Amino acid sequence: MGMNKKYWTGLEELNNTEGFQEAISTEFKRDQSVDQFLSDPKLKEANTGRRDFLKFMGFSVAAATLAACETPVVKSIPYVVKPEEITPGIANYYASTYYDGTDYGNILVKTREGRPIFIKGNKDYGMGQGVVNARINASILGLYDGARLRGPRKGGEDVTWETLDTEVSVALASANAIRIISNSIISPSTKRAVAEFSAKYAGKVKHVQYDAYSYNGLSSAHAAAFGKAVVPSYDFSKARVIVSVGADFLGTWLTPNMFQAAYADNRRPENGWMSKHYQMEAVYSLTGSNADVRLAIKPSQEGQAVAALYDALNGSASGIDGVDAAVFTKIAGELKANIGSSLVVAGSNDANVQMIVASINQMLGNYGKSIDISNPTNLFAGNDAEMASLMEEMNAGSVDAVIIYGANPSYSWHDAHKFNSGLLKVKTSISVNNYADETGTRCTYQAPDHHFLESWNDLSPVAGRTDLQQPAIIPMHNTRYAQESLLRWAGNPIAYYDYLRSTYNADYTAEVMNSDNSWHMAVHNGTFASGNIQMSTPAAPIVSTKEGAPSVEMAGNVSVDQAVAAATAALAASPAAVTSAMDVSSALTAVRSAKGGAWEIVLHQSVMLGVGNQANNPVLQETPDPMTKVTWDNYVGMSPSDMKELGLNTYIAQDDEASLVKVTANGKELILPAFPAPGQKKGTLSIALGYGRGAGNEAIGKSAYQVGEMGEHLMEGDNLVPIGKNAFTLASMSGSTALYAAFDVQLEDMKATYPVATTQMHHTVMGRESVVKETTISAFLAEKDVKKGEASWNKLPTLAVHEDINGDGAINAQDRTYVKEHDLWREFPVEGIGHRWGLTIDLSSCIGCGSCITACHTENNVPVVGKDEVRRHRDMHWLRIDRYFSSDFETLEETIENKNLGTISAYGDMEIPSETPKSVHMPMMCQHCNHAPCETVCPVAATTHSNEGLNNMAYNRCIGTRYCANNCPYKVRRFNWFNYVGNDKFSQFNPAQDDTLRMVLNPDVTVRSRGVMEKCSMCQQRIQAGKLDAKKAGTTVTDGMVITACAEACPTHAIVFGDLNDTTSKNAKRAVNNRSYHALEEIGIQPNVYYMTKVRNIENEA
Amino acid sequence: MKRLSERHITRLILTISLIFSFSLSSQADIHVGGDAVKGKQLFNANCASCHKITEEVLAAPGLKGIDQRWKGKDELLILWIQNPQGAAGKGDPYLKSLVEKYVPTFGWMANQAVNAEEINHILTYVKEGDGAPVPTEELNKCLTYEEMQATASKGEQNDGLIWIIIIGIILAIIGVSAANISRSLKNAVNEREGKDLEPETGYWDVAKAWMWKHKKFVALGGLFMFCYLFVLLYGSLMDIGVYEGYKPEQPIWFSHASHACKYEIDCQYCHSSAAVSKHAGIPSVNVCMNCHKGIKKGPVTGEKEIAKIYEAIGFDPQTGTYIADYEQKPIEWVKVHNLPDHVYFNHSQHVTVGGIDCKQCHGPVQTYSVGRQATVAEINAQEDVPGLIKLTKPTLTMGWCIECHNKAEVDLASSAYYEEMHDRYRASENGQRFLRSYLDENMKKNTSGGVVDSLKTILTVKQLGGWECGKCHY
C-alpha cells in the first residue's frame, strides 16, 4: 500500500527551513508592535508631553464615563408607504442572472429592506445545477462600488443625458462608419436593439464582438469541421473518461460553474465507479489538481500531445518529449472502451489543435452525447480576426464613431497600444461601460449602463433557453440602460423594459413569453425554460443525421481514418450544411511542427479574478489562489527546481521576499516576482491574466491599487500602482486567433526582491498526520461495505493501553483501544439530544474552487485585511482551503534508512517527488469540537459549547487573551488585531469602511471590533432563523431547511450541512459512512465536522 | 348633570310631540323623535366611514344641517339613502346639485339597508349630536401615564435630598459664624482680662483643630461617608446602559393611551411585523392613513399633530384626497428600545412562538403617551396580563433577559417542533437523564405552589438552551 504519504503545505515545510521551524514554534508569529497598536501615523508625529498625556487621559476617562450615561439617540425611520412585499427584518430573494462577458450564472439575490446583500446560485432553475463561482457570488460588492460612474460624462466632465444625446446624435448622423465593439452579446433584446441601431444608420454600422479571453480557436475549428462557428455545449455528466490537454475546465475554461457539479457527480466512489480524468498541462491548475493522472507538458507540446493521442487511437502510438507512447496507448484504450461517454478537451486557442480534438471526439462518438453542437452555447462568440481588422481600420482613420459596450480592449486586447492609437483617430468615441475604465477614459463620451442588479435583461446562454435578469434595487446613480442609449440614438426613446417585453410578443418572435402569466413565471424562476435545468437536449451527431450516411457508431477498435472517412462521407452527402470537411492531416502537420524554446510561457486566467472584470473586488483579491495560495498579486509561476538552478528564492515566507524576474515575450516585457509552483513543468513559466488593471490611473475602484503599510495608496510618480501586471500584453495573434502562450521567452533575474502575500504555510497543523486520508478506487471497492473504522484506508485511531483488554489476564503493551474510550471529559450531551449541527466534507468531491470562502466572507461580514496583513499571518478567513501536496512516503522511508538520517532532515529529499506531486484540497473551518480545547482555556468563558453541538463565540465577552487560538489544533481562530471598521490602514479595501459598500453587510451578523477572537460560527444566524421558521410554522426542522453559506455555495456538494441527530438527513448518513473520519481524531476532541476519505481513480500502485 | 337633565326634558317633549304628530299626521318630521342612542350605533355601523355629523367633508358631505337642507322632502331623503341612484332619477334640483358636487370625487353611495324607522334614529342622532358625556370611569381608564403620575404625586412632594443639603449648608454657616462669634467673645474676654488674644486662624485650621478634637466622630462619619459614596458610585455604574423609563421626544405627539386604550386598537395592527420578523416595526404612514384619512382631529392636540402625517404622505384634509406627485417625507421617529449591536433579538420568536403578551416586556403601553421604555416596577404592577412573569432586573438589560429565560416555560407539546425535540430527548439514554433531571428540578420549583402534574412536559427556556451565548450573540 502506498497510502502512507507525507503531506506538506508548502516548500518551507517540505524543506523544513529555519524560517519554517521558527514560524511553527510561535503561534502568532508577528506580534503587534507598539507602532501598529497606536496605528495612527499622526500619533507618532504628535509631541505630547507626559503631563498633557495625563490630562488627556483624565479628560477622556471622564468624558467616556459621562458619554456612557447618555442615552444614544437613534433614529428609526419607517417607510411612508411600505411596499407590500417588504417586511423589515425579513429577506426577499429575487431570481436573476449574472453575465459579464465571461462568467455566466443563474442567481438568487438576497435583499434586506431593499438592499441586495448576498448572491447565491439558483438551484431550482439554474443551468449546471445552479452553481455559481466565487466571482459571481462576490460580485455583490460591485453594486455598491463608489467608483462606478454616477452619470453621463463628456471628456471627463459631467453632462446631462440631454446634452450627451444631442451631441452623439449629431455626431452619428454625420458619421460614415460606425463600429460597435462589445463582448459576446447573448441577449435577444440587446441584439434587437443593436439591429435597430444598425438599421437606422443602414450600411454604416458594423458590430464587432470579442472576448477578453478568446475561444475563437474552438469555434473556428467547429466552423471548419461542421460548418458551424460555435462553441459547443459540454456535458460532463456523460463523460466517464475525461482527457484534458491544457483546459482548466474546473477553474477557468469556458464556464466552469456549469461543469463542476456534473464532474463531481461522476466521481463519487459510492456509485461503484468513478470517471477517469487525465490532465496534460504545464501549469498545475485547479483541474490538474483534481485529475487522477496528471502529466506535465510544455505549452508548445499541447498540439503534439493531441496528435499523439490521435495517433494512439489510430493504433500507431508515439510518445512526446516527457510522455511515453505507452501512456497515450493506455489513454486511447480507455477512451475506446467508453465510446460515446468520454470527453477530450483542449485549452489551446489554436484552431489546429481544436480541429484534432474535434475529430477525436467525433471518432469517439461524443458529439451528440457529451458534446452538443446543435444546441451550442451562445457565449464566447467573439471573433479575433474581425477585431484585428477593426484595429487596422481604426488606425487608417476610416472609422468615424466607435461605441464600446461591455468590452475593455485598452486593457484586454493583446495589442492595446494599437487599439489606443486607433481610438485617437476616431472622431466620436462613446463608452457605455459602468466604469471610467481603461477604454472608457479614452473615449469622448461616457454613457454609463446600469449595474446588472439594477437592470432588466434577457439572456440566452444556449440555444433554446432564455434567462431573465431582474432588478433587485432601483438604479443608485444617474445611469441608463446601454440598450436605451443605443435605441435613443437610433431615434426610438422607449423604456428598455417595454422593449424587452415586446421581444416576446408574437409579432416579433415565436417564443411564448407574451402572456403576463408566463412572463411572471419566468421572472419568478429567473428563466423562461422553466423546469429545464439541462444545459441542452441531446442531439444526434451531425454526421449520423445525414440520410444515407455510413454509421459512425463506434464499437471496439476503430481507426481514426475510418471515422474521418465516415464523417467526410456524411458531410459530402449534405454539403449544404457544411462548408468544408475535416481536414485533420494539415492540422496534424501544423501542430507537429510547433517548436518550443528554452522557456515557454502560459498566460492563464486567474481562478479568482478571471479576466480582471472585478479586479477592484477586495474579497476576490484576498481569496487565495487555489494552488499557490497567493493573494493580492500575480506572479511568474515556475518549477521550484528551475528556480533553484537560477538561484531564485524558493522559500517565500513572510520575511523572505520573492525574487523579481523579467519575462520577455513577443518583444514585450514584464517584471514580476517569481513564485515556486510545485508541479509546474520544468522550463515553463506562467502568469495569471486579470491583474494590472487601471495602470493609467483609471478610476476603476480604490481596491484595485496597491496599498502601503499604513493604508495609503502606493504611488509611482503621479500614478497609483496597480495590483499585479497586465499579462495580456504578452499575448499575440497566431493566425486568426489570439494565443495566450509564447514558446520562446527570455527570462532574466532582476536581482531584486518583492514581497508576496501567501497563506500557504499559515496555520500549519504541526506535522501531525491523520489530517488527510486518501485511497484508490480499487482499495475502496474491496472494502466498500466494511463498517466505519475498520477499512484499511480509514482505521479508527487507537491508543496503546496497559490493561487486560482481551480478558485473558495478559497485559500486552501492544494492545490498543479506540481513542474515544479514553477521555478526560464527560461525554458532551449532544449526541441524540436535540439538534447537533455539523458538516461533512467529502475530500473526493472538493475541487478547491474557493466559492465557499467568498460566500462565507459575504455572509459573515468577514473583514478584508489587505496584503500587508496577510503577510503577517493575519488573514481573517473563517474558512480556508488547505492545499496539501503529497508524495509517496514508502520510497522515502527507504531513503531515510539508506541515508541513516533523522526523519526531519530527510524531508529535504522529498524535493524530487515535488516535480509532479499529487494534491488534496481540504476546506478547514472551526470543527466545533464537543471536547473543545479552546473552551477549557478561555479565562472569561467567552467561548462556550451549545447544546446543539456548536462552539459559540460571544464577542462582547472576549477580552482577547488568544489562549483559545493557541490551543486550537486546527488553527481556525482569527484575532481582530485592529478595528478593521475604523482604522485608516484598511480604508482602501475593507467593505465596512466605505459609506456605500457598507450596505452589503449582513444585518444579522455582528461586525466585530478590535481585540476579540472570531471564527466560523457554522452560520449560527441561519441556524437560528431556520429553527424559528420551523417553530413559527409549527413544524420540525427538515433536512435542507438550514444550510450554511459554504455548503450552499459548494458546487460539488463536497460540503454538506445538517442535523447529525436527524438520522434521516443526508449529513447524518454521510457521517456514518465508512469513508468519514475526524481530522486529528487521535487527540480525542470529537469535532462535529467530518471529513470523508479522498478516493482517486488510480491503480493501486504500491 | 345639567345637560343630562336638559336632554331628558328635550326627549320628553319630543316624545310627547311625536305622539301628537303621529296622531295628527303621517307627515312626521323624520329628523326628530328617533332614539339617538340607537341612531349613534346605526350611524357608526353604516355611515361613519364616509360621513361625519359635522359639516366636514370626509368621503362624503358632512351631515350637519341636513334637516334644514332636506326640509319637507322626507320621502325623497329615505329613497336617497336606500337607493341613491334611483333617487337621483327623480329630478330634484337640490339632489342634482349634490350629485354634481360629490359623485365625481367620491362616487355613488352604496344602497343602504336601513328602513325608515332606523333612518329616523340616525337623523335624530345627527341632529342631536354627541351630547352624551362619557362616563368618568371610562375616562379614567385611559389616563396617560403622565396624568396618572400627576395624580399620584400630588400629595407627596418629596424632595428630601435637597432639603437635607440646604439644612446642611445652613448648619455649616451657623456653625462657622458661631465659631467666629465664640472666638470674638473669647477674645473680648481675653482682652479685658489682659490675656493673649487667640490668633486669627483660618477656617481650615479651625476645622482641622475641631476634627482633631473629635477624632472618633470624624473617623466614623468619614467611614460612613465613604461607604455611602461608594454605594452611590456602584449604583451609578450599574446604571450605565440602563435606560428604564427612557422617553425621547418624538416628532409627533403620539398617544398610545388614545390608540391602544381608548380605541382599543391591537398592538399588532400598527406593529404588524412583530409576529413575523425580528423587528416589531414602526407603522408606515399609509397604515396611519387607514384611520386618519377620516379622523382629522385629535381630542388633545387637535389638528396639529395629525397634520404632520398628512405632510409626510401628501394628503389634503380639506378635499380628502392625496396630492399627486407629492414628494413624500418619512417621519423620523426616535428609537425607544435600543439594544447593542451584538445582541440579536427577534420579536416573532417571542410573540408568535412564545405567545408572550406585549405588556410582559413593554409594560402598560395603554397608559403611555409617546413611547417609553417600561420599568420593571411598572411591568410587575400590571394586573391585566395573564401569566405575567415578575422580574427584578432593569428592563432591556441582559440580566432581565436571562432572568425571564430562567422562569419562562415551554410546553413541549405545544408545537411539532418542540414535540420532536421531546421525542429526541426520550429516544436517547443521555436525553432521558437530562429530561428527568430537568423535570425534577421544575417540580421542586413548583411543589411549593401545590400539586404538579408530572405528566406535563414543561421545560424552561433555559433548559432548552436559552441561556447559551450563541442563542443571542452572533
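Mentor: Happy to! Buried means under 20% relative accessible area, exposed over 50%, and partly exposed in between (1.4 Å probe, protein chains only). This is a predicted model, in which local features need pLDDT of at least 70 and side-chain atom pairs count only at pLDDT 80 or more, while totals for chains, interfaces and linings use all residues. Residues are numbered from 1 along each chain as its sequence is written, chains are lettered from A and ligands numbered from 1 in the order in which they are written, and side-chain values use heavy atoms, without hydrogens and water.

Let's look at strand β17 of chain A, residues 428-431. (Strands are DSSP runs of E, at least two residues, and helices are runs of H or I, at least four, numbered from the N terminus.) Both faces of β17(A) are covered. On one side A:T428 and A:I430 are buried, and on the other A:S429 and A:S431 are buried too.

Now for its neighbours. Two strands pair if DSSP finds at least two bridges between them. Strand β16 of chain A, residues 401-405, is joined to β17(A) by four bridges, and the two run parallel. Two bridges link β17(A) with strand β18 of chain A, residues 445-446, again in a parallel arrangement. With A:S431 as your landmark, you can follow the pairing of β17(A) to β16(A) and to β18(A).

A:A941 has a phi near 55°, a positive value in a residue other than glycine. You will find A:A941 in the loop between α32 (933-937) and β40 (943-945). Its relative accessibility is 34%, so A:A941 counts as partly exposed.

A:M1018 also has a positive phi, of about 55°, although this residue is not a glycine. A:M1018 lies in the loop between β43 (1013-1014) and α34 (1020-1033) of chain A. Here the relative accessible area is 1%, so A:M1018 is buried.
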